[in-house]
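Me: I would like to go through the ring contacts and packing of this model, one question at a time.

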Amino acid sequence: MRNKRFFVPGTAAAALLFLSLHAHAILPIQHWQTSSGAQVYFVENRDLPMLDLSIEFPAGAAFDSRDKSGAASMANQMLRLGAEGMNEDEIARGMADIGAVLSPRFDSDRAGLALRTLTSSAERKQALDIFSRVLQRPEFPAAVIEREKGRRIAALKEADTKPDSIATRTFYRLIYRDHPYAMRAAGEIETVGRLTRQDLVDFYRRHYVAQRAVVALIGDLSRAEAAAIAEEITAQLPQPDGAAPALPPVAGLAAGSTHTVAHPASQSHIFIGAPGIRRDDPDYYTLFVGNYVLGGGGFVSRITEEVRQKRGLAYSAYSYFSPLRQQGPFLIGMQTQRDQAQEALSVVDKTLRDFVAGGPTAQELTAAKQNIIGGFPLRIDSNRKLHEYLGVIGFYRLPLTYLGDFVKNVERVTAADIKNAFARHIDPDKLVTVVVGAAEDKVAP
């Protein structure tokens, strides 16, 4: 996710900083474990009669097997399409009748469900009853599975014609190779076609396990009410059968390479990058601030300045780190006219090399910190946003003081820290470059 871009100078930044710290001070994160072994993270906020609730498991796309890729995302999808005597229409109507929203949670590491509902007695009871059924007693109807497989295969066939989808798929395959992060979340046409109902049931039973669950709640509840809800939604989850699934470490790239993919699109879609960092990497904040200067700060970042502002080579050019349980990707992305692709690549290469070699200037670092700190209150100004952070804090076992420590962790980053961290993590000579929209397929060292 790219950084939000705000600039708040002087006293305004100080005022907003005070508000952010004050907000966190009156909304402490409470943590405990249910009787079934699930980890619970709770923030009590009486401002609105609302509850945001989620439960997540280590059951994302990276936990697929290669011959059954797509099972993780389809198992997650099927939870809402039939559960304990309720078909998909009844589930949807039951939520809509009380103004509640049931939504999936899914990425490379995590999978689960989220609920937003009113906390008034009748509405909350109905929403939690449906949520508990969907989560703990899904039916995986065979006819619905076949229908969804057909829809997914059609969507995959269409995606395989689109340059942005081709670029993303190619990039992940090249930087992760044999690692599970290389697999496409939706699966492949062949693997989805082979999935059976039993495959999805088996995946659910193996991965949606109470002792590996992370429950996050925020809203108009007491600690006792939150504890009762957490018990209700986890008591009948599957029990573990064997050791917890683990992801292997990511191997670094031995050398850089360039892959061009022929496509009739008028623009070239370009991705450049390599495996980056884990979510618990000690360089997280240093790279976060440094990347804001490099390509995460929008119009104030170097990549945008060099590629768009000075030369007009692309409307959007950016970079980001996406930390995961293992090393998530570092990526530089842009789109440019086909006849300008080589020039744009040269500009980005020089910009990156200069940044890795020299780090940010004092002025760039000061501006980046002011923007990040000034924008921080807007990252936590709603229950929905705080709820997202609760899920991340819980799943990645971050400190309960993560939000309160955010500003001081940003403030302590120095230019030397950034230069050293980028030198450790990013080697400009060992990056994969993917260009979709070329005249012919080509691979170059």
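Reply: Rings of Phe, Tyr and Trp (its six-membered ring) pair if their centres lie within 6.5 Å; planes under 30 degrees apart count as stacked, over 60 as edge-to-face and the rest as tilted. The model is predicted, so local features need pLDDT of at least 70 and side-chain atom pairs count only at pLDDT 80 or more, while totals for chains, interfaces and linings use all residues. Residues are numbered from 1 along each chain as its sequence is written, and side-chain values use heavy atoms, with hydrogens and water left out.

Me: How many aromatic pairs does this rule give?
Reply: A pair of aromatic rings is described by the distance of the centres and the angle of the planes. Applied here, the rule gives a count of 21 aromatic pairs.

Me: Is the pair of Tyr284 and Phe288 stacked or edge-to-face?
Reply: The ring centres of Tyr284 and Phe288 are 6.2 Å apart. The angle between their planes is 15°, and the pair is stacked.

Me: Which helix holds Tyr284 and Phe288?
Reply: Helices are DSSP runs (H or I, at least four residues), numbered from the N terminus. Tyr284 and Phe288 are four residues apart, about one turn, and both lie in helix H10 (residues 284-296).

Me: Is Tyr284 buried or exposed?
Reply: Buried means under 20% relative accessible area, exposed over 50%, partly exposed in between (1.4 Å probe, protein chains only). Tyr284 has 14% relative accessibility, so Tyr284 counts as buried.

Me: Which residue lies over the face of Tyr284?
Reply: A charge sits over a ring if NZ of Lys or CZ of Arg is within 6 Å of the ring centre and within 35 degrees of the ring normal. At 4.0 Å from the ring centre of Tyr284, the residue over the face is Arg279.

Me: Which residues of the largest nonpolar core touch the most other members?
Reply: A nonpolar core is a set of buried Ala, Val, Leu, Ile, Met, Phe, Trp, Tyr and Cys residues joined through side-chain atoms within 4.5 Å. The largest one has 133 residues, and those touching the most other members are Leu53 and Leu217.

Me: What span does helix H13 reach from its first C-alpha to its last?
Reply: The expected span of a helix is 1.5 Å times one less than its number of residues. Helix H13 (residues 362-379) has 18 residues, and 26 Å is expected. Its buried residues include Leu365, Ile372 and Phe376. The span reached by H13 is 26 Å.

Note on methods. Helices (H or I, at least four residues) and strands (E, at least two) are DSSP runs, numbered from the N terminus.
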